[in-house]
Every structure is written in structure tokens, then in C-alpha cells.
Amino acid sequence: MEDTKVFYSFINTSISEYEPIPEGADQYPVEYIENNHVIKLKEDSNRVFIGICDPENIMLVEDVRNYHRKKVVFYRVDKSELTSYLAKLFSNAEDAEGRETNTHIDEKVLLDRLANDAPVINLVNSILIDAIRKEASDIHIEAFSDYVIVRYRLDGELHTVKRFDKGKFRAITTRIKIMANLNIMERRLPQDGRLTVHIDGDMVDIRVSLVPVTDGESIVLRLFNKKRSPLTIEHLGLSSEGIKSLYRIINLHNGLVLATGPTGSGKTTTLNDILKTIKSESLKIISIEDPVEYKIDGVNQIQTNEKIGLTFDKILRRVLRQDPNVIMIGEIRDLITAQLVIRAALTGHLVLS
């Protein structure tokens, strides 16, 4: 079958016939090749020749087809030959580093090294490290017509920290997608993922959100320091009168307490500080969060997972059967959750959200 964009072929071909095949920035990341068994064999001004082990995988074929702006020609390649080619790449990378063959080598590190040029890896790493050290709550990476800007949200406000040429943007998005285990070929649909980084003894959880925009994709990284302990209520920056009012409210046996404010203003931090303050052996406390930002001993913390149906409202229905005294809901996102929250607050529970 042939159209103006793609040609499907079930004819077998050999990778060796196309050597030297594209490498580096002109080739797919090795991790993508290994996971999807697809490789770019050749590219000219009009066409891209693709080797694929399973041409019947229509979703993969469509991903590759939509990624390229040229006519795409698919050929079937043998899986064992592709595996052999990857093994040769790994071997060459180890030799280049002057290392002996080690079956216990961290394959993930090796894949990352091969997936992108070192400058791109260093750029992404520096953005993450700088944001973590400045205690930013979010990182925004956005492409415009001729340039890319990086902004950190600090104390609720966005600040531009880097500006560079748009030519680097695709490599940056690819690197972030690989780190978050997302589909690097998908640029038409929003994607969400997560990754964890370790720096200076801290473990930071990062939520990744990519949304397609006119000039590329908008990337937002939300940072959560898992090892940082919650503050105490006295350190939240409230006035003395505000602290007295808050203590009076959180010592009630039932009712609804809502923390409101803009992104990054400290709503979740405040709620976790309240839980840390009121926890005791006489109270059953359950929290429903997305994600669990701080681990608090003495509190039963549940993380939502929409992929398997663990949404706020479904978990809350079950939690009400657990005879809790205090319930913390990370977010009230819909009418059903709101109705359940009000019902819980009216039936003898203290609800925080």
C-alpha cells in the first residue's frame, strides 16, 4: 500500500546493506531502537528508509510515519541482526571509554550516553540541578518561533533563567522523554510521566507534562523533594493571629478546611504540616494524594493512580469505611469528589483539602 507519505513493504532487507547507517543525532535513540525494534536505515532529501522487525505493528508504524515530514519507506529487518547491531554499539562505546567488558554495567547509563550528545545531557542535567538547588517548585521549558526559554517558579512567581537557540529544543524534549520513559516519537498528543533524580543526598520526584503547541511542545516539570521534612505550622509565615485561628480550626472534630492559592504557593506543604501537627495515637488519619510528596509516620497515605482506576473519588468511598477521624484530599477535581468531601465533613470527619 502506498500514499504520498508512506510505503509499506514486507520485503526483507539487511542492515549491513545500508552501512554506514545514520548515527548520533541523525538516528533514533538506542533505547527507542531496542524497545521498539525499529531503526533508521537511510535518509535523503525526499525519503526516509526504515527497518522494522514487525511491520504489522500499525501503532508503531503510524508513530514513525507521523514523526517524519518526508515520505517513509518501511522494510522488514531481522530481529537477531538488529540485536547484533546494538551489541556492537555497546561494545564500541565501552572500548571508547577504555573499559573492560562488564556484564554488570549499568545499561541505563550506557543507553542515555548513546541516546543523546553529551552537551544535551549536560544541559538538561544543569537545568534540573540548578532548579533543585534554588528550591523551585516547577520548571517551564517553552519553544517560541526563534528561541527557547527556561523559567523556574520560585515562591509562586516565574523567573526566566535561560534562553537559547530553538535548534536545541528537539534534543532537549527527546532527552526528557527518555528520562521519563515517554514516547519520543509522539509530538501530536499530550504526555505525562515521572522520573526521580538524586542530588546532594536528596531524592527529588519530578512530574513531567508535555503539551503540543504551535512552535513545538510546552514542557513543565514539577519538583517534589521526597527527603525534605515538612515544616511546622510556626514556620509557615503566618501571623500570630493566623496561627491561633489555624490551631482552633484543626482541633475541631468535624468540618472542612480548604487551603487555597496559586500554583506553588504552599497549599500541599501547609496541609502536610497540619497532619504532622495533629497526628496522634488517638486519631486515625488517612490522606489521598497525587503524588505523596512527604512521608509522615502515623498517617496512612494513599497515592492515586488513574491508569488502574484509583481516582480521588473511588479511593474516598473506600476510605470512609476505614473509620477515619481525619481525611486529607490532595485535590477536589470533580463534582463527585466534592459531594463525597461535603458528606464526610457533615458526618463526623475533619476533612482537609
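This is a predicted model: local features need pLDDT of at least 70, side-chain atom pairs count only at pLDDT 80 or more; totals for chains, interfaces and linings use all residues.
Local features need pLDDT of at least 70 and side-chain atom pairs count only at pLDDT 80 or more, while totals for chains, interfaces and linings use all residues. Residues are numbered from 1 along each chain as its sequence is written, and side-chain values use heavy atoms, with hydrogens and water left out.

**View A. The buried face of helix α9 (residues 312–319).** Here F312, D313, I315, L316 and V319 are buried (under 20% relative accessible area; exposed is over 50%, partly exposed in between; 1.4 Å probe, protein chains only). Down the axis of α9, the buried residues fall within an arc of 160° (taken from the directions from the helix axis to the C-beta atoms), so they line one face of the helix. They pack against β12 (285–289), β13 (300–303), β14 (326–329) and α10 (335–346), with contact meaning heavy atoms within 4.5 Å. Helices (H or I, at least four residues) and strands (E, at least two) are DSSP runs, numbered from the N terminus.

**View B. R153 meets D138 in a salt bridge.** The N to O distance is 4.0 Å; a salt bridge puts a side-chain nitrogen of Lys or Arg within 4 Å of a carboxyl oxygen of Asp or Glu. R153 sits in strand β6 (residues 147–154) and D138 in strand β5 (residues 138–143), so the pair ties together parts 15 residues apart in sequence. R153 is buried at 15%, and D138 is buried at 3%.

**View C. D290 pairs with R194.** This salt bridge spans 2.7 Å, N to O. D290, in the loop between β12 and β13, and R194, in strand β8 (residues 191–199), are 96 residues apart.
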